Amino acid sequence: MDFLPTIITVLDSTIRLSIPLLLACLAGLYSERSGIFDIGLEGKMLAGAFAAGSAAFVFGSAWIGLGMAILVAVALALVHGFASITHRGNQIVSGVAINFIAAGATIILGQAWFAQGGRTPQVSGPGRFNAVELPGAAALRDVPVLGTIYADLLSGHTILVYLAFLTVPVTWWVLYRTRFGLRLRAVGENPAAVDTAGISVPWLRYRAVICTGILSGAAGAYLALAMNAGFVKDMTAGRGYIALAALIFAKWRPVPAMFACLLFGFLDALSIRLQGTPLPLVGRVPVQFMQALPYILTVILLAGFIGKAIPPRAGGVPYVKER
Amino acid sequence: MADAAIELIGINKSFGPVRANRDIHLEVAPGTIHGIIGENGAGKSTLMSILYGFYQADSGDILVRGKPVSIQTPNDAIATGIGMVHQHFMLVANFTVLENIILGAEGSALLTSSIGRARAELRRLEQDYGLEVDPDAVVEELPVGLQQRVEILKALYRGADILILDEPTGVLTPPEADHLFRILARLKDEGKTVILITHKLREIMAITDNVSVMRAGTMVATRKTSDTTVEELAELMVGRRVLLRVEKDAANPAASKLSVENLTVRDGRGVDMVKDVSFEVRAGEIVGIAGVAGNGQSELMETIAGLRRAVSGTVLLDNKPIDVTGTADPGELRDRGLAHVPEDRHHVGLVLAYEEQENAILGYHDQAQYLKGPFLDHAAIRRDAEEKIAKYDIRPGNPRLKTANFSGGNQQKIVLAREMEQDPGVLLVGQPTRGVDVGAIEFIHKRLIAMRDAGKAVLLVSVELDEIRALSDRILVMFDGRIVGERDGSASEGELGLLMAGVEGPEAAE
């Protein structure tokens, strides 16, 4: 077994598998930093994926698919905002409701529109996000190690992958270097301080959930149009929850969030690679165990290995003016 | 004469059927410190919230520097030059001082330039007003007094020249409060107008130029501070004559009821909070423990009450040991005649979601008089609650009302009634009048003296030095976990203050 290609393959799929987690995780970061818990990431991703699959098929354009995914996810985020900001409802209940709506509505609409058992028809060509060759990748492929890493690991992903990674420093910059970020962090910690400083708490939180909608829609579009060639029912497969786990793991900070998502993506990639491969000492491991591995490690990591993760102090609490 | 800094004309505000402010008139002269005093619920905070744009008045006019203004939001207030220091600080705990100061007044969309500007401006404010604070310190790591300074700086940074302070000393130690008053005097010298809301008469007398008194939503009087007295203000606040000095005869201490020897208590972080403390409380005396909050008084009380374990030491109740390092529990101590009025009535003393009558017997609910077989005897509990309500003048007098709906003073009376009516030999009382109105304070103090005169031993812990001095026959001062001095009840405030600050006593002598 040639060692380097194996590592490259695993890392390559790590990147592919991390991207939906990363986009969803950063999506959740905006909302939760503003004090709105969002367990509905899963539903927004799923609805986004369906919208992307449908629109890309109808219009034959991946970009229109992405746009529709973002629109639909933002709409759902606004529903969550309306329930939890304007009406001060329970954020968990609202988020769970969105997950149910998305799970049900995507199948019903998919069947009604395309009659393929809840799927959207396969898209190809410009209907998908296709791999982008970075400049010089072909020429450098033959350079040992570094050339291989460049050509096979860094190059050859879809544009969404590069955009997702770009979102990390952008989010960091927004959060720590802009007025909006300062207020966003403040409103999740002490909305009363923001209110008395003359800033509207609801408007600030609405802007935060809109950011969440945009990014979770992009995560859905990636699933449907980059990782796959169309929407398949329940295709998010719990990634929205894993993204939340990564967010806690990263203590609500953008750069650690990226590493957390890469770690979860790596575990996922590893479990796929190791399926059916006999391991030294243990021998052949059941497929089910390998598939469960990322989840088991998630539980272990979250249970004890990250120290104390303190959520934004006003998280989950609707803001009511005092007195 | 110059225009008033603020003039309120005929302000009315109702919340449903409750008229929080009725026909309020107020004039605040520029460059003065104007006190607004009144009991909890008198409408002071509502009035200031109207001035700061949290609420809109139902009717009435606001004039700032002679010009009518419309204040719809805090932003309008800030633009008019009104700043507010809230009772509960409006700070983001994990932000730095600078971040807190620029929040809402960033000036531009990017922070780098805002922070640079704020740093320079902060340096100027520091110099002008003597308000030193490290701009890069994280707020939650600062002591309360400095956090308050950040609040003041926040208002000044926004260009406030009229500053409203809402109960600013509630969270401060006496030295911190004195420091705040010096800052306010300095602000006044620099031409700022200060409005000070408080229910502490002493502060009004110490610092203000004029004082307005509110009672039950109306403005009952405005006086020049130099023309009035504490007695007059108290009477205006409560609406009847109030005895500020507790009248009591000399104590007649008898046998030792509670004896503490070499007690050491460690907290969860492994820090010794109580260090080798010894004292005794005899029947028929009140022993007060004075000290700035956090110097071990709370831990000492909780240990004696069986809520916390000691590392070493002995405690004798009626000359029989309490197992303070092992198995002492509050139930057992209650049976042995030790009652405890905890410092924090909301979290330790009461279950706020219970009805008044349930809290009135909480902890004693397994006594035969409240039981019918294995069940609670509701008729007996009701009768018992009604007796206590009558005797302690608890209002509203409805034993079925949820405890959370009582005012702080009445909640405290519920706890006191429960513990005192058990006729304990030893009573531990923590902060008996925290957040309690003047009228109720008088009542509570009288009951404590009555307990003493009935031959009970009372151990009183309070951060209110006035209270300690008014009630105690002997005063122990705690500093950094040790008892650093013992004085009799007539000790002067200055003398005790120095001990509390750790300036005098064995610690300082080393």
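The model is predicted: local features need pLDDT of at least 70, side-chain atom pairs count only at pLDDT 80 or more, and totals for chains, interfaces and linings use all residues. Residues are numbered from 1 along each chain as its sequence is written, while chains are lettered from A and ligands numbered from 1 in the order in which they are written.

**Contacts between chains and between domains**

On the chain B side, 22 residues are in contact with 16 residues of chain A; contact requires C-beta atoms, placed from the backbone, within 7 Å of each other. Helix 1 (44-51), helix 2 (74-79) and helix 4 (111-129) of chain B each supply at least two residues of that side. Helices (H or I, at least four residues) and strands (E, at least two) are DSSP runs, numbered from the N terminus. The largest share, three residues, comes from helix 2 of chain B.

Chain B is divided into domain 1 (6-238) and domain 2 (256-350 + 424-509), with bounds from an automatic or database domain assignment. The C-alpha centres of the two domains of chain B lie 35 Å apart. Nine residues of domain 1 of chain B are in contact with nine residues of domain 2 of chain B. Helix 6 (174-189) and helix 8 (230-238) of chain B each supply at least two residues of the domain 1 side, and helix 8 of chain B gives the most, with three residues.

The table lists both sides by class; Ala, Val, Leu, Ile, Met, Phe, Trp, Tyr, Cys and Pro count as nonpolar, Asp, Glu, Lys and Arg as charged, and the others, Gly among them, as polar.

| Chain B, touching chain A | twelve residues | eight residues | two residues |

**Helix 13 of chain B**

The 15 residues of helix 13 (residues 378-392) of chain B should span 21 Å at 1.5 Å a residue, which agrees with end C-alpha atoms 21 Å apart; the expected span is 1.5 Å times one less than the number of residues.

Buried residues of helix 13 of chain B are B:Ile381, B:Asp384, B:Ala385, B:Lys388, B:Ile389 and B:Tyr392. They lie on the same side of the helix because they cover an arc of only 140 degrees around the axis, taken from the directions from the helix axis to the C-beta atoms. A residue is buried if 20 or more other C-beta atoms lie within 10 Å of its own, exposed if 12 or fewer, and partly exposed in between, with C-beta atoms placed from the backbone. These buried residues pack against helix 12 (356-359), strand 18 (375-376) and helix 14 (408-420) of chain B. The face turned away from the buried side carries the exposed residues B:Ala379 and B:Ala390. B:Asp393, whose phi is positive, near 50 degrees, follows helix 13 of chain B.

How values were computed. Contact = placed C-beta atoms within 7 Å.
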